[in-house]
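Open the structure in your viewer and keep the selection tool at hand. The tour below goes from one selection to the next and says what is there.

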Amino acid sequence: MINPKEIRKDFPIFENNPNLIYFDNTATTQKPRQVIEKIKEVYEKYYANIHRGVYKISEISSEEYENSHKLVADFIKCKEWREIIFTRNTTESINLVAYSYGLNNIKKDDKILISYMEHSSNLLPWRFVCRKTGAKLEYINVKDYKLDLDDFERKIDEKTKIVSITHVSNVLGTINPIEEIIKIAHEKGALVLIDAAQSSGHLSINVKKLDVDFLVFSSHKMLGPSGIGVLYGKEELLENMEPFLWGGDMIKDIDFDKEYLNDLPWKFEAGTPNIVDGIAFGEAVKYLNKLGMKNIEKYEQELTKYFLERFEEFSNKYKDVILMGSNDYKDREAIFSLVFKINPHIIGKMLDSYNISVRTGYHCCYILFRHLDLYKYKGSVRASLYIYNTKEEIDFFFEKLEEIVKRFGS
Ligand SMILES: Cc1ncc(COP(=O)(O)O)c(C=O)c1O
């Protein structure tokens, strides 16, 4: 069972900002004391560079850094922790695959399939690969705020080499049927990358069961520090890929005309990594494990259901306000993008005057707003909730939203 009032006690941000209503969890989440303390512990007790140390504190930090990889591997149920590569963020993980796999394996007239609901990070690297290789980028339609699977089946063919899809939309909250997508893509011989930036801290993920080829996410969106991201890749794919960055730590030895690449995952972690945040990320994973991902899913569904009920009351009075996303709490996450006729930034600023933090604009999904013909409204006001949010906060949000709309119009 999730008790948000108890959970809040673990988050110093709420102690220091007692009236803060933090509804911007899609952008980044707050950090529990356990993660913050771990950062302090490493710097104060055993900070040293990893891997090449023959002395004690370097051995401790190396072990802790490796252990974080193992915790993440267990968290998403992969075969070997060698399959977990730490990057800077989701964006870098996708770029790693685009450069190392894409540029070397995608040919002219091949096809890469993404959808209209992708974040810029899962669009621009593929557009770049297509520009370099002469391959074609195609978009799967979004219909009724969901991925149009018929359109996917129409567009996927033997020329499709990569399907790169978000697990959960950072604008619509839609949870995509990734099991089905992976199965269909594999039948056509395409590899699948799942962008789990919005799902990794919210839904249980089992990469083995999914049989997904690559899965990427960011620590900072799941209670961990910023500056650490994850690329999961199937071992045999990673073994056959060229390094993304070249330099120290990603090699075992160098001769005058040849270098001997390091084992996974280090082959893809060139240079001194983000040691401290990588170690502290492990604490975030432990924290989520302690709460239990199934409990988190259940509590978020409860919040989602409540938010949708309150929105229905609100939209009965203000009929022209659009909720971009399904009104069925079962197939979505607690990410709510509201579109008004007035500029969303005005509403966001006004909400901030009541200590409610939301994000406004296009949320790096320009293509989605264009596809849905909503671009003209300058984006949406997005409220995104997490384990420390409460129903009382949702009530306060709608109370203040109504005051704002009465004053400025909807
Ligand atoms: C679905 C999705 N993909 C990718 C990203 C990029 O994540 P990062 O900025 O951590 O690289 C985000 C960030 O909001 C996202 O929501």
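Which residue stands opposite Leu113 in S4? Select Leu113 and look across to S4: the residue is Glu138. Before moving on, note that this is a predicted model, where local features need pLDDT of at least 70, side-chain atom pairs count only at pLDDT 80 or more, and totals for chains, interfaces and linings use all residues. Residues are numbered from 1 along each chain as its sequence is written.

Select strand S3 (residues 111–115) together with S4; the two pair in the parallel sense over 5 bridges. Helices (H or I, at least four residues) and strands (E, at least two) are DSSP runs, numbered from the N terminus, and two strands pair if DSSP finds at least two bridges between them.

Now widen the selection to the whole open sheet, which has 7 strands in the order S2-S10-S9-S8-S7-S3-S4 and mixed pairing. S2 and strand S4 (136–140) stand at the edges with a single partner strand each, so one side of each has no neighbour in the sheet. From one strand to the next the twist averages 20 degrees.

Residues are in contact if their C-beta atoms, placed from the backbone, lie within 7 Å.

**Two loop residues**

Select Lys77, in the loop between helix H4 (56–75) and strand S2 (84–87). Lys77 is not a glycine, yet its phi is positive, about 60 degrees.

A cis peptide bond joins Leu264 and Pro265, with omega about 0 degrees.

**A pair of helices**

Show helix H3 (residues 33–46) and helix H11 (residues 275–291), whose axes come within 8 Å and cross at roughly 145 degrees. Residues making the contact include Val35, Ile39 and Val42 of H3 and Ile279, Ala280 and Tyr287 of H11. By class, this contact has 9 nonpolar, 1 polar and 2 charged residues. Ala, Val, Leu, Ile, Met, Phe, Trp, Tyr, Cys and Pro count as nonpolar, Asp, Glu, Lys and Arg as charged, and the others, Gly among them, as polar.

**The sheet of 4 strands**

Select the open sheet S13-S14-S17-S16, named in its strand order; its pairing is antiparallel. At the edges stand strand S13 (322–324) and strand S16 (359–361), each with a single partner strand, so one side of each is left without a neighbour in the sheet. The twist averages 30 degrees from one strand to the next.

Within this sheet, 4 bridges join strand S14 (residues 335–339) to strand S17 (residues 380–384), and Leu338 stands opposite Val381 in S17. Helix H13 (residues 344–353) lies across S16 and S17 and runs at about 165 degrees to S16.

**Two domains**

Colour domain 1 (4–23 + 292–408) and domain 2 (35–290) separately; these bounds come from an automatic or database domain assignment. Their centres, taken over C-alpha atoms, are 28 Å apart. The contact takes 24 residues from domain 1 and 21 residues from domain 2. On the side of domain 1 that touches domain 2, the elements giving two or more residues are helix H12 (293–317), S14, helix H14 (366–371) and S17. H12 gives the largest share, 5 residues.

Methods
Axes fitted to C-alpha atoms, helices over the stretch in contact; angles between N-to-C directions. Contact = placed C-beta atoms within 7 Å.
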